[in-house]
Amino acid sequence: ILMYGEMGIYYHVSTKKIWSICSPIILVGGTIGNGLSVLVMTRKGLRHSTTSFLYIVLAFADTSHLWIGLLRQHLFYSHGYNFRLNSEWACKVHVFFTHLTWHLCSWILVLINFERLISVFVPHRSKIWFSHKTICLMIGNLTIVLIAANSHYFITYDIAISKKSKLKYCAEVKQYNDFIDWIWPWLESIIVSVLPFLLILICNVSIICRVAYTNYKRKHGLGN
């Protein structure tokens, strides 16, 4: 059985069931999991740790992304309501924040791993370089950069009307199709996946090598 989707194209009824059932499960499960993480990280022995602070920020960013992204899918496939279609700005703003929170989660993970790297290699400097004030500045600057990177959504996305179904949908503006379909996917994959992955990999490999080398020196009684 086929039904009309939000972009005026057909989708199978099984798609509706999957989104209707799975999205609230993921929403509730993810929110509870992130909430528990915040509770653990705010315990007396951990609340002053910069690592705990980063994990708390990550939990809030991840929860925001879950609710911004999945809530729309659940409302559309369960109740036929898409709040992106309320206005042109609703379309632009929702697409913008969906991608912004996604990108922010990736880069907060990079900060967490970089903080671990500094703690292993220069532990006497870690509290200076990664104080709460410094981390707030890093997150603030990172957010500004990501806002700039995703600001094109306010220009490249708008409400359109399907020629087949005559239904409204939120999608890229035709004149920017080449950018959205061919250029931006590559740029976004670098921003949200490739570059964070490489940085996290470098951090973790460096930490493993450092720990292995330290254990080797200790085992063989070597000096610094």
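Biologist: In which helix is Ile 112 found?

Modeller: Ile 112 is found in helix α3, residues 88-121. Helices (H or I, at least four residues) and strands (E, at least two) are DSSP runs, numbered from the N terminus. The model is predicted, so local features need pLDDT of at least 70 and side-chain atom pairs count only at pLDDT 80 or more, while totals for chains, interfaces and linings use all residues. Residues are numbered from 1 along each chain as its sequence is written, and side-chain values use heavy atoms, with hydrogens and water left out.

Biologist: Why is Ile 112 called buried?

Modeller: Buried means under 20% relative accessible area, exposed over 50%, and partly exposed in between, with a 1.4 Å probe and protein chains only. Ile 112 has a relative accessible area of 2%, and therefore counts as buried.

Biologist: Which residues does Ile 112 touch, not counting residues up to four places away in sequence?

Modeller: Ile 112 touches Leu 54, Tyr 55 and Leu 58. Contact here means heavy atoms within 4.5 Å. As for distance along the chain, Ile 112 and Cys 203 are 91 residues apart in sequence and 9.9 Å apart in space, C-alpha to C-alpha.

Biologist: What makes α2 and α3 roughly antiparallel to each other?

Modeller: Axes are lines fitted to C-alpha atoms, for helices over the stretch in contact, and angles run from 0 to 180 degrees between N-to-C directions. Angles under 35 degrees count as roughly parallel, over 145 as roughly antiparallel, 65 to 115 as roughly perpendicular and the rest as oblique. The angle between α2 and α3 is about 155 degrees, and their axes are 9 Å apart. The two helices are therefore roughly antiparallel. The residues in this contact include Leu 54, Tyr 55 and Leu 58 of α2 and Ile 112 of α3. By class, the contact of α2 with α3 holds 14 nonpolar, seven polar and three charged residues. In that division Ala, Val, Leu, Ile, Met, Phe, Trp, Tyr, Cys and Pro count as nonpolar, Asp, Glu, Lys and Arg as charged, and the others, Gly among them, as polar.

Biologist: Why is α2 described as roughly parallel to α5?

Modeller: Helix α2 (residues 50-79) packs against helix α5 (residues 132-150) at an angle of about 30 degrees, with the axes 10 Å apart. That angle makes α2 roughly parallel to α5. On the α2 side the contact is made by Thr 50, Phe 53, Leu 54 and Val 57, and on the α5 side by His 132, Ile 135, Cys 136 and Ile 139. Six of the residues in the contact of α2 with α5 are nonpolar, two are polar and none is charged.

Biologist: How do you know that α3 is roughly parallel to α7?

Modeller: α3 and α7 pack at an angle of about 20 degrees, and their axes are 9 Å apart. That angle makes α3 roughly parallel to α7. The contact of α3 with α7 divides into 17 nonpolar, six polar and three charged residues.

Biologist: Why does Ile 200 count as partly exposed?

Modeller: Its relative accessibility is 22%, so Ile 200 counts as partly exposed. Ile 200 lies in helix α7, residues 177-219. It touches Leu 109, Val 110 and Asn 113, not counting residues up to four places away in sequence.

Biologist: What makes Ile 161 exposed?

Modeller: Ile 161 counts as exposed because its relative accessibility is 54%. Ile 161 lies in strand β3. Leaving out residues up to four places away in sequence, Ile 161 touches Lys 166, Leu 167, Lys 168 and Tyr 169.

Biologist: How do you know that β3 and β4 pair?

Modeller: Two strands pair if DSSP finds at least two bridges between them. Strand β3 (residues 157-161) and strand β4 (residues 168-172) have five bridges and pair in the antiparallel sense. Tyr 157 stands opposite Glu 172 in β4, and the bridge partner of Ile 159 in β4 is Cys 170. β3 and β4 form a hairpin with six residues between them, and Lys 166 in the turn has a positive phi of about 65 degrees.
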